[in-house]
Amino acid sequence: MSADQPAARGWRLPFSISFEQRMTTPKWLPALTSIGSLIVAFMIGGGVIAIAGGNPFATYAHLVKAAFGDIGVFNDTLVKASPLMLVGLACALAFRMKLWNIGAEGQFFLGAWGASAVVLAPLLPRDTPGIIIIPAMMLAGFACGALWGFIPGLLKAKFNVNEIITTLMMNYIAVSWVLFWVFGEWSESGFQMSPMFPRNTWLPRLTDYAAQIPQLAGLTLHLGILFGVIGSVVVWFIISRSRWGYEIRLIGDNKQAARYAGVNIVRNTVFMMMVSGGIAGLAGMAEISGVVHRLQGAISSNYGFTGIIIAWLAKLNPFAVILVSVLFGGLIQAGREIQPSGVPRMLQGIILFCVIASDVLLRYRIQITRR
Amino acid sequence: MIDWIVILQAGVASGTVLLFAAIGGIMTERSGVMNLGIEGMMLIGAMTAYKTAVVLGQPWLGLLLAMLAAGALSLLHAVVSIHLQADQVVSGLAINFVGIGLSMVLGEGLSKAGAVSLLPSITLPLVSDIPILGPILFTNHNPMTYVGYVLTPAAWFYINRTRPGLHLRAVGEHPAAADALGINVYRLRYRYVFVGGLLAGLAGGTISLAVSPGWFSELTTSGQGWIAVGLVIFAQWNPWRAAAGAYMFGALRRLILDLQGPQTLLWFANPFYYMPKLGFFLQMLPYALVILILFIGSREALKKRMGAPAALGVPYIRGERGL
Amino acid sequence: MPDITQPPDSTATSHFAVEMRGIVKRFPGVLANDHTDFTLKRGEVHALLGENGAGKSTLMNILAGLYKPDAGAILVNGQPVHFNSPRDAIAAGLGMVHQHFMLVPTQTVTENIILGLSEPRFFLPMAELDRRILALQEQYGLKVDPKAKIWQLSVGEQQRVEILKMLYRGAKVLIMDEPTAVLTPQEVEELFVTLRAMVARGHSIIFISHKLDEVLAISNRITVLRQGRVTAAGIPAQGTTKTQLAQLMVGREVVFTIDKQPCRPGEVVLAVEDVCAENDRGLPALRHFSIRVRAGEIVGIAGVAGNGQSELAQVITGLRRCSCGRVMIAGEDVANQAPHAAIQRRVAYIPEDRHGVGSSPGLSLADNLIMKNHREPPISNGWVLNLPMIRRQANQLKDQYNIMAPSVDVQARLLSGGNLQKAILAREMSAGPRLIIAVQPTRGLDVGAIEAVHHALLKERDRGTAILLISEELEEIMALSDRIVGIYEGQHMGELKAEEATLTKIGLMMAGTPQGDVAGRVNNVGELTG
């Protein structure tokens, strides 16, 4: 590290900083650095808001109130968090294998499209009962997302084509693909959206049970949040308890060693991209079946990209993904009312920066001593 | 009918943007640091340049500030990936998020700005009279296009025929060897990350002040930074190949717009005219083409055993490793 | 000590080119140099002898400015110096040729030589520079094409580039770190001629090695290090015997042979037949190579690094494709099958790169121990891992193979080289292998660890396992092998029985002259003459 290099000619710091590699990392430290970097990020973000002419305290107070202030807005926050959980899990899983799936956004769109196709094509009769058509939509969403992951996965595994670029390009293609259907085939009398889906294709919401429990009236939280919660348990089990998870960790840590251990890298890479894409596709399905109830161009508040940040802030831990998703759901929810409109996006970026910068604390013990 | 001269002329202009960004990417990556933040840095550049032109009426100053703003952002990436040894992929993504968000925050309201003084159009005397090439290359171009013509050979010469270029290549291929000979690996990597930032900023400023003037938040660049990242790989880190790719993609952008205009195409009814929704497939074309050229490029690289700079993406730790 | 004839405090006119006094260097957990002294006279070849881990490279890395000493003084031509970087050392006239060459593979010879110099300032007049380097080559007889890219050169040529690089910088003192490890006996001779020419021109040379014969052949004086301390300071090479040196180096009587049971070979386990393969650069690495290994015998492959040995191990274990030939393991052809095919047939593989291939640095010791058997009961049922079983097995292996680690949860990257190798051995041996491919199994280990590895290999052989031993340590090959096969440029150079093998004969095979039983290389005759 630079601190080991001789001090610049003539000028020296009044103290010396030395980096010492850690032999072991305490269990609580990753959580602490994540929280610490969140705080630092919000401070930096506040500075930028102040420079741009806003009042950071008022902005943040408003953010908290608009995201967690009462049961109604908290409901909205959780609604936003539902797709984030799945997308975050999709990213966390792929990143474990050092597979840079930056295409969750596109896979999300394709998942939404696949689920819509079940209703709009229609692949099943419109009056199919929900107990059948909803699983069919889930399956279609997962399959379409998986297909969108399969293409970059195959190119990566067989031809070593950089998956960062391919998944990103697939995002743009996915958006154009959905727009083609929204403007063209499935357009509702020329509008840039499909017709509303029939009720039997909607995921159950809390408010649907308002007749039995009146307190639930108006709460739009839908079954999709359970997909995320269950998904996190499944992903945790895969990573830390299953044989496949062992192979994922081995490939992610040292590909050569994985090959040496007889692990099939090509098959694992393609399969992982499909699973990751499928989970992101499921998020797309849940969003249109649980919230939007139609296919349109604007179905994602950058969920796919936010998932990357969530995965990283959660240190790829599936349970932490759930918590971080709620936080980011609040940020997106509250951000809609905040001016200037770029603030949530900017905060997300600064958070990611602080998180990766703080990672150095996990690897090194930093000592500051007076000269 | 489709006017090929116009398409190629516009292609050269908008290809210049990709060229700046890709050559910046090549410079950074040749030093061993991955450069995925181009899109975010271009947006910062585009916003800064346009804002300067709106507020101060100074497009040239705008370009300069655009370069500095993107350069400043790139230094963040440098600190995190060079000194803190963070994952360079994630750091590059973070640069994008910050770049997009920051430019949206600081560019608030810019899209409603009225008349703005932009970069002038220049027709070069004499050479513009050359048939075909004259109108395409030397007529009614913004000054940055001409800078682009000079940049490609200059970058190639710098990398391959000068002492700093030699050091740049050494740092990206074998930093330990360079370090053992007294080359400061850290300093050089900072320098070239910054150069990459400057050029990305210039690319952004060229968009908002000349090629497609204005500030449309994310849509200002609409993924051109990412196409540039793809071009860097396709170009095998060679400026000449990057230039070929950049101008080709520039022309393609214009072709896509012009394809939807005429009623007939090669004596057939133009499907894109009669069915506008097919235009969405045209919009996919550049992105699909990036995947295709990467696929072709990777097969070629496998065959010829070419590849990225050997130390690309690997933080250099000058370690006393012990025994 | 023999060299007390000189005045103890010679001033500016010191006839020492380099003096190192009381050098101390600590690394976490190790005292690499413990008040080490070293002196180099002008115009001599001074050998620095010691085992792996004795502290020779550390001492020389300090002299070359790569490491900073914790205590002690360095004098160059009688003047005290403080090096902050290799550049300072080079400026003082000290140049080091590292064991692993510090060359940029994609650049030309000339580019590598002028790298880091402040002249020329900006533009590179390549033709003029090439000419200058050719002139320098003339002076010292170091031939190599200045326009060639490094990756196109042989190892010997690359070493010449490293030497030229230092000479071009005006180095008066050359530090050569294990320079012969990568050379054929013939190339070693050429190197010695060059070194003598350099001494004749007034250069001084420090020659780091652990090979006794070479040290006695080239050096004027010898300093021996053991565990960071000097056990012999600058004794004259003349009149010193190999046995004396070995004792100084190891600290006890050294037996150059290992007691072993007579070999009782069984059926053929491994039959490599007529195999061709390419290396990473796409150049031929194996040319119609054939070899057989029977149960209960150790077959040693002797060859200079880079003659196809690594590729042979990779082809057998499925990590590299072969373009022709067959790899029969217990009667089944596994050529060009996935690595899993060899693992299934109980082939153990101790790879030469234990950090990059043989282990996963970020995973725990326990996870590293199940790399080969994680698919099968009792470690997993095919889908779900049996975590308690993994821990139990890991703790058992840790005790059995004496792996020094705080727990089985510690990351593999934190293990020392010796302990990591023990972990790899534990994993590979515990599977009850039918065939072991061992590549450089003792490289970089200390004496105790080397003996443990040898012991483990011999035990496996006596148990009836077939073993293919690939090593660049000729003494190791000779001590362990029942049969020795020479390899040169990917070709079979003949086979010797352990009893008839001599260093000379093996050396000739390594240099491309077939020896002994040529029956094994019938396939290659056409290739050789053609």
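Biologist: What makes C:Glu489 partly exposed?

Modeller: The cut-offs do: a residue is buried if 20 or more other C-beta atoms, placed from the backbone, lie within 10 Å of its own, exposed if 12 or fewer, and partly exposed in between. With 15 neighbours, C:Glu489 therefore counts as partly exposed. C:Glu489 has a positive phi of about 45 degrees although it is not a glycine, and its place is the loop between strand S19 (483-488) and strand S20 (491-497) of chain C. Helices (H or I, at least four residues) and strands (E, at least two) are DSSP runs, numbered from the N terminus.

Biologist: Before we go on, how do you know which residue is which, and what kind of model is this?

Modeller: Residues are numbered from 1 along each chain as its sequence is written, while chains are lettered from A and ligands numbered from 1 in the order in which they are written. This is a predicted model, where local features need pLDDT of at least 70, side-chain atom pairs count only at pLDDT 80 or more, and totals for chains, interfaces and linings use all residues.

Biologist: How do you know whether the size of chain A agrees with a compact globule?

Modeller: The radius of gyration is taken over C-alpha atoms, and the globule rule is 2.2 Å times the number of residues to the power 0.38. For 371 residues the rule gives a value near 21 Å, and chain A has 23 Å, which agrees. Chain A has 13 helices and 2 strands, and 52% of its 371 residues are buried.

Biologist: What makes strand S9 (residues 221-226) of chain C mostly covered?

Modeller: In S9(C), 5 of the 6 residues are buried.

Biologist: How do you know which strands pair with S9(C)?

Modeller: Two strands pair if DSSP finds at least two bridges between them. Strand S3 (residues 45-49) of chain C is joined to S9(C) by 4 bridges, and the two run parallel. S9(C) and S10(C) form a hairpin with 2 residues between them, and C:Gln227 in the turn has a positive phi of about 50 degrees.

Biologist: What counts as contact between chain B and chain A?

Modeller: Two residues are in contact if their C-beta atoms, placed from the backbone, lie within 7 Å. The contact takes 42 residues from chain B and 40 residues from chain A. The side of chain B that touches chain A has 30 nonpolar, 8 polar and 4 charged residues. Ala, Val, Leu, Ile, Met, Phe, Trp, Tyr, Cys and Pro count as nonpolar, Asp, Glu, Lys and Arg as charged, and the others, Gly among them, as polar.

Biologist: How many residues do chain C and chain B bring to their contact?

Modeller: There, 26 residues of chain C are in contact with 19 residues of chain B. The side of chain C that touches chain B has 15 nonpolar, 7 polar and 4 charged residues.

Biologist: How do you know how confident the predictor is about chain C?

Modeller: pLDDT is the predictor's confidence in each residue, from 0 to 100. The mean pLDDT of chain C is 86, and 93% of its residues reach 70 or more. Over residues 1-12 of chain C the pLDDT is below 50.
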